[in-house]
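Please look over the sequence and the model shown here before reading the report that follows.

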Amino acid sequence: MIFTGNAKFYEATFTGDVSFKGSAFRGKAEFYGTAFAGDVNFNGCTFTGEAEFDRATFGGEALFRGTAFTRNAKFDSAIFKEDVTFSGTTFTRNVMFEKATFTKDARFDEVTFTRDAVFIGAFFSGYGGFNRVIFSREAWFDEVIFTGTITARTFAFNEVQLLEPDGMHCWPKGWTVIRQPDGSGTLQWDDTEPPTPETEG
């Protein structure tokens, strides 16, 4: 499907599974407050205009694999009740997941963030995967809530590349920036076991 103008699904409700796979959104894509009751497939889509998914609710599996967002993408306060996959996606401009809720697994492996990536106050209940990600600018993970024990396997930032390691960043507890000879940076897990409630003092 090709949406030549603005695609307006503001506070719409999809009661079953829905697929936009391979669609091109050439104008603004407005999914603010949209409720997806079943699975939704945005694999391989191209968003040429702004993509707005603020306060959207994804009741089933949400697929954004290999999607291209060429303008700002907003998922503030979005709720993902099942697994969500953004693996292989490119965010050319800023992307916002402020206060988003990820109830199951959230996979952002091999994503390219060309501008700022904001996850301030996001809530993760399952696995959080950011392996082999490229962060070209700022990344904000402050005030992120992770309900399990954060380890290199449960909240994973392995083989991450930071093109501006001295920029403004805030990483989840346990991950630190390591400078590379070429001026870039990577993230390294500090291997420290987090304290248990019985030993916290």
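## The parallel sheet

Val 84 has Ala 106, in β20, as its bridge partner. Strands β16 and β20 run parallel and are joined by 2 bridges, where two strands pair if DSSP finds at least two bridges between them. Both belong to an open sheet of 7 strands with parallel pairing, whose order is β4-β8-β12-β16-β20-β24-β28. The edge strands of this sheet are β4 (18-19) and β28 (155-156), each of which pairs on one side only. The strand names come from DSSP runs numbered from the N terminus, a strand being a run of E of at least two residues and a helix a run of H or I of at least four.

Residues are numbered from 1 along each chain as its sequence is written, and side-chain values use heavy atoms, with hydrogens and water left out.

The chain has a mean pLDDT of 91, with 95% of its residues reaching 70 or more; pLDDT is the predictor's confidence in each residue, from 0 to 100. Over residues 193-201, however, pLDDT stays under 50, and the model has 3 contacts beyond four places in sequence for them, a contact meaning heavy atoms within 4.5 Å. Where pLDDT is low, the predicted coordinates should not be read in detail.

## Aromatic pairs between loops

The structure holds 69 aromatic pairs, counted when the ring centres of Phe, Tyr or Trp (its six-membered ring) lie within 6.5 Å, with planes under 30 degrees apart called stacked, over 60 edge-to-face and the rest tilted. One of them joins Phe 53 and Phe 64, whose ring centres are 5.7 Å apart and whose planes stand at 85°, so the pair is edge-to-face. Because Phe 53 lies in the loop between β10 (51-52) and β11 (57-58) and Phe 64 in the loop between β12 (62-63) and β13 (68-69), this pair ties together parts that are 11 residues apart in sequence. Phe 53 and Phe 64 are both buried, where buried means under 20% relative accessible area, exposed over 50% and partly exposed in between (1.4 Å probe, protein chains only).

Another pair is formed by Phe 130 and Phe 141, with ring centres 5.3 Å apart and planes at 90°, so this pair is edge-to-face. The pair links distant parts of the chain, with Phe 130 in the loop between β24 (128-129) and β25 (134-135) and Phe 141 in the loop between β26 (139-140) and β27 (145-146), 11 residues apart. Phe 130 and Phe 141 are both buried.

## Salt bridges

A search of the whole structure finds 6 salt bridges, each being a side-chain nitrogen of Lys or Arg within 4 Å of a carboxyl oxygen of Asp or Glu. Among them is the one between Lys 104 and Glu 82, whose closest N and O atoms are 3.1 Å apart. It links distant parts of the chain, as Lys 104 is in the loop between β19 (101-102) and β20 (106-107) and Glu 82 in the loop between β15 (79-80) and β16 (84-85), 22 residues apart. Lys 104 counts as partly exposed because its relative accessibility is 36%, and Glu 82 counts as partly exposed at 31%.

Glu 110 forms a salt bridge with Arg 132, the closest N and O atoms being 3.1 Å apart. Glu 110 lies in the loop between β20 and β21 (112-113) and Arg 132 in the loop between β24 and β25, so the pair ties together parts that are 22 residues apart in sequence. Asp 166 forms a salt bridge with Arg 179, with the closest N and O atoms 2.7 Å apart; Asp 166 is in the loop between β29 (161-162) and β30 (169-170), whereas Arg 179 is in strand β31 (residues 175-179). Asp 166 counts as exposed at 63% relative accessibility, while Arg 179 is partly exposed with a relative accessible area of 47%.

Glu 30, found in strand β6 (residues 29-30), is buried yet has no salt bridge, and the nearest side chain of opposite charge, Lys 28, is 4.7 Å away. For charge, Lys and Arg count as positive and Asp and Glu as negative, while His and the chain ends are not counted. Not counting residues up to four places away in sequence, Glu 30 touches Asn 6, Ala 7, Lys 8, Phe 9, Tyr 10 and Glu 52.

Most residues other than glycine have a negative phi. Arg 132 has a positive phi of about 60° although it is not a glycine, and Glu 159, in the loop between β28 and β29, likewise has a positive phi of about 60°.

Conventions:
Predicted model: local features only at pLDDT ≥ 70, side-chain atom pairs only at ≥ 80, totals over all residues.
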